[in-house]
Amino acid sequence: MKKSLSVIVSAAMAVTLFSSVALGATGAKSSADFSDLSGLDAGTKAKFDAMISAGIFDGVSNGVFGLHDKMNRAQFAKVAALIFGLKVNSTLQVSSFSDVSSSDPANGYALPYIEALKAANLTDGFGQGTYNPAGEVTKEQLAAFLIRGLSKDAQAKGTTGVNDNTVSSWAKGYAALAIQLNLLSNQADGTFGGTQAATRDLLVTSSYAAKQQFVPGSITSGQHSEIHAEDLKAYSLPGGSQAQVKSVLQEKTTDGWRVGTVVKLTNSSNSTIRVPDYELRVRTSDGTDYTLVPSASNARSILPQSDVTLSYMTDINVKSDVSLTDVLWIDVDTKVYPKQETLLADSPVGSIVWRGNDAVINDASLMGEWGATFSIPGVTSSLKYSATSLSKQFSGQSPTYIVQVKVQNSGSYAETIPDFTLSGKSNGQSFIGKRVEESPITLNAGEQKYIHFAVTTEASTQLNAFYVLTPESFLKQGQTTPLQYYTGRIGFGLPANGGTETSTVPSGGNYTFGTPMVFEQGNEFINPNLAVSLEELHVTNNEETGNKTGLAKFKLVNKGDKPIPVPALAADLTGKDGFTYTGSRQTLGTSDIAPGTGVVVSYGYTIPTTDQSDQYKLNVQGVLAGASQGQTGYKSTIASYTVSTQSDNDHNNVSLYPFKLNFKSWTLSQLTITTPSLSYSYKLNLDLDITRDPEVLVDNNFSKLKFELVDGSGSSLGSSSFPFSGTNRLVSGTQSLSFSNLTQNQVQNNVSIRVYESVTTPNGEMDRFITELK
């Protein structure tokens, strides 16, 4: 799936271009200049004239437009960049894709346009760090690209797809929305022709339509700049090593200041060398030098072609403010008297001093916008990071911000994500977060994954930025526990709305029950062979508790050939008033889904009677940490839909997925038992018709049907529950159901039967009212 989506996006990019001859045209031409356009009708000719006169299209040769020629991905990149007004750096000579080269005689011209598409997050290539510039573009790929360029990718993923065998499964929603927006249309035979190669005439008309609907600036959020934190200069030291300052800490203490420095020493030789015994000092703006103490855990040697990081620290007992300016390497010769000091290197560090919790990044070049790409300062790596979504959750009474960060390996070898975290910054306060994924995460070349950070703040805190922090440590001589601290150099702002950024989360209009959900690309919660759909959402009044009960049923079907574990998912509902209700997942009796089968997972909701919503926003979330029997810890939204509640059923058509029930007839009779004293019980003779979806398995943990006896005044006399599997299960046909242990020992008149679906969750039973039998 990932590769297909990449192909659509990039390949679609290629679709919108023409030939290299066309790419160079600058003259003010029209359709009259091309012999093969003379037969166009007036309306179509006007579209061609607009695109040709704008310099977006030209002919493939002198006087020939190439109306029905196919296009490649390189050609498409240029047209796409021009249509959507992307920022193109024409001076670029090196591409981030291994198969794109400025020296390529056929497609080299497209390098700046391809990079502009990538910078705008409209493509991530063809796979494994390649773009495939000469590859063809299909009609469905063109549809997907145009939809994404119009910033309607999420809407497409929430649109009911076309029922068309000529369209790949991943592209059905894109094709449907492209038709709705009049970007593309079906062929004469009524099919979309999604897998057929797109031609230049189709590109011109669809690009024209997209350009008319495009809102300038609507995809600027995808054109995030990269945050650059330049490494400080490396200095050669005697003995064969090179020294470089990695970080400098200056934080306030009760007695003055704590100063810490971490440096990197590199051995570029082919032999192991000793770490030189030089003094490291910091200098302040008034010319005072302070000697730093090396950490007891510092390395003593450096292996060939390797590097080590060394930690130093000291306390400065000065109450007034101190401004650090330089880190000095000093060779001290104590064999002579007086001792002789030689300055080996002087590294200016004023720009990288980190003042602990009081640190504020004032350099605009080190503060990116939300979603800006960044690398970890001081770390040599091909890993690139960007924040993609933000949600606010609660741990007790304290809000926790969950920041999702996309990690991409643009290098040619596998890398492990280094240890770093995010800090939430507000006015005068810093809140250091933690990475939710505690285990090491490795990315292969060209791979993309997501990591998450949890930043817990105070209840009234208003964050205005996130800082990227690197953990450091210093071990004092004679101690066993190191002092831990953080330093930083770069940061990024919050989303424009200050809340949840959903640009990478599929969302759309009204959800169609029973259709497979589309989840965020790259999420690690949903197996690619697992189809997830919402089958039911009912919200009914619960008179007993004085609130409403919501019940959502998800179907999970294993389309693969191996068992798939039931994913740890959460599902929240948000009503029209903005209040969010967390679903309590039913207690499950199965942990795996067998190939070719499905299971139903239900979520119960307690909703106040004041909520009058008939539509809810459904957020499906992956559980990041703290899950236990349906109780969730940190969560990450992977799909978002608007879902309408389903109307209540009458007794002839009860939906209790995967079952359909028809209460054909019933009679209720009273029985008198006289041992040792008078007592009463009831028997329900029920003729019930049950049908079911054979694809879905149920076990003893599945919902039960609960029958409650109610007298004429509405008081409950008692209830009994019956399963759909196992002993005493409900079956099609006539059956007798007994009710004993009644709350009253006398005969009641006008007794009716209320029927509920009962689901067991860790929070107790959730009862959804179905119907009343009178």
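This text describes the cavities of the structure and then a set of paired strands. The model is predicted: local features need pLDDT of at least 70, side-chain atom pairs count only at pLDDT 80 or more, and totals for chains, interfaces and linings use all residues. Residues are numbered from 1 along each chain as its sequence is written, and side-chain values use heavy atoms, with hydrogens and water left out.

A cavity is a set of points, on a 1 Å grid over the protein atoms alone, where a 1.4 Å probe fits but cannot get out; its lining residues have an atom within 4 Å of a point. Grid points are joined across faces, edges and corners, and a volume is the space filled by probe spheres set on the points. Six cavities of 30 Å³ or more are found in the structure, and the largest cavity has a volume of about 110 Å³.

Among the residues lining the largest cavity are Lys246, Trp354, Pro377, Glu472 and Arg489. At least two lining residues come from each of strand E3 (241-252), strand E23 (465-474) and strand E24 (483-492); strands are DSSP runs of at least two residues, numbered from the N terminus.

Elsewhere, strands pair, a term that requires at least two DSSP bridges between them. Strand E6 (residues 279-284) runs antiparallel to strand E10 (residues 324-333), and six bridges join them; arginine 281 stands opposite leucine 328 in E10. E10 also pairs in the antiparallel sense with strand E11 (residues 340-348), over eight bridges. Here tryptophan 329 has alanine 345 in E11 as its bridge partner. E10 and E11 form a hairpin, with six residues between them.

Terms used. On a 1 Å grid over the protein atoms alone, a cavity is a set of points where a 1.4 Å probe fits but cannot get out, and a pocket is an open set with protein on both sides within 12 Å along at least five of seven lines; lining residues have an atom within 4 Å of a point. Helices (H or I, at least four residues) and strands (E, at least two) are DSSP runs, numbered from the N terminus.
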